[in-house]
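Dear colleague,

Please find the structure below, together with a summary of what was found in it. I would be grateful if you would read the two side by side.

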Amino acid sequence: MNYTHRRILLTVLLLISSGAKWSEGARVFTLVNECKTTIWPAITPGENFNGGGLALRSGQSVVFTAPVGWSGRIWGRTGCNFDQAGNGSCQTGACGTALKCSASGEPPATLAEFTLAAMDFYDVSLVDGFNLPITVMPVNGKGGNCSAAGCNTDLRNSCPTELAVMADGKTVACRSACDVFDTDQYCCRGVYGNPVTCQPTYYSKKFKQACPTAYSYAYDDPTSIFTCLEGDYIITFCAIGRKQTVCTYHNHRLVCSGSSGSASLIYKWLVLMLLCMVSLWSCV
Ligand SMILES: *[C@@H]1O[C@H](CO)[C@@H](O)[C@H](O)[C@H]1NC(C)=O
Ligand SMILES: *[C@@H]1O[C@H](CO)[C@@H](O)[C@H](O)[C@H]1NC(C)=O
């Protein structure tokens, strides 16, 4: 049984032994890599997340729990090379040379942002550019708008050439117009420093097309900020082509459109782990 499996088992045991009360004080984060290659997720602050960084192979997932009160960001790094000591470099998203991040990532990077509280707030932001598709899917939420945030298409394929970051003849990331042109209008500052004057631009509209439920510019709040009451989160990198589930809260029940493929994944794990336990730990 590897480390990832142990984490999942531990989480499931905690969930079962302490029941609903426990989830009021902590949230379970499942990070899933559906990209074709290894990625290196980064998390700050990272105390509850393997110290802030890890390698996640294609098809792998890992589970962490963070307490209410945690407020931070999660992003993916690509094209990394780390030595045994966890020192190295990445093509995108690097936080200096460390595998375990304590500093923010170098833009452009897609960011998933969370504030865990009585009512959680979360969003996916392209304000600092795009390097990987990220979807945040809440599960088991008890209120709030609790829907999938982020994108299920890859903006690297539709990035305007003037914003593209190239490596080995491929677009590896898409910079924000603010980062490239550094004007008040693109950066929503100066006379453009409020939601009335800072309106979508040609570039932010391209971002919004690719990721309709992500921040495409600084004041893109109404369609980009989500709330969820006592839910857990599945953060999927490269959930390409997946239908985005939209959930609403009706009559004390969360009702979601389309398939809840990600949600049922959790239950599959739960069932699998229960089976493991009744079969006298044969899988440990
Ligand atoms: C870490 O790696 C960088 C290159 O990526 C190198 O310049 C630096 O000296 C290394 N630091 C340590 C402490 O090994
Ligand atoms: C979710 O709810 C919050 C709080 O009511 C609201 O500000 C936000 O615009 C909603 N988000 C979406 C995407 O509808």
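**Ligand surroundings**

By class, the shell around ligand 2 holds three nonpolar, three polar and no charged residues (Ala, Val, Leu, Ile, Met, Phe, Trp, Tyr, Cys and Pro count as nonpolar, Asp, Glu, Lys and Arg as charged, and the others, Gly among them, as polar). These residues are Asn145, Pro222, Thr223, Ile225, Phe226 and Thr227, a residue being near if its C-beta atom, placed from the backbone, lies within 6 Å of the molecule. Around ligand 1 are Asn87, Gly88, Ser89 and Thr97; that shell has four polar, no nonpolar and no charged residues.

This is a predicted model, in which local features need pLDDT of at least 70 and side-chain atom pairs count only at pLDDT 80 or more, while totals for chains, interfaces and linings use all residues. Residues are numbered from 1 along each chain as its sequence is written, and chains are lettered from A and ligands numbered from 1 in the order in which they are written.

**Sheet and backbone**

S9 and S10 run antiparallel and are joined by two bridges, with Ala149 the partner of Val136.

The loop between S13 and S14 contains Glu230, a non-glycine residue with a positive phi of about 50°. Glu230 counts as buried because it has 22 C-beta neighbours inside 10 Å (the cut-off is 20 or more other C-beta atoms within 10 Å, with C-beta atoms placed from the backbone).

With kind regards

Definitions and conventions
Two strands pair if DSSP finds at least two bridges between them. Helices (H or I, at least four residues) and strands (E, at least two) are DSSP runs, numbered from the N terminus. A residue is buried if 20 or more other C-beta atoms lie within 10 Å of its own, exposed if 12 or fewer, and partly exposed in between; C-beta atoms are placed from the backbone.
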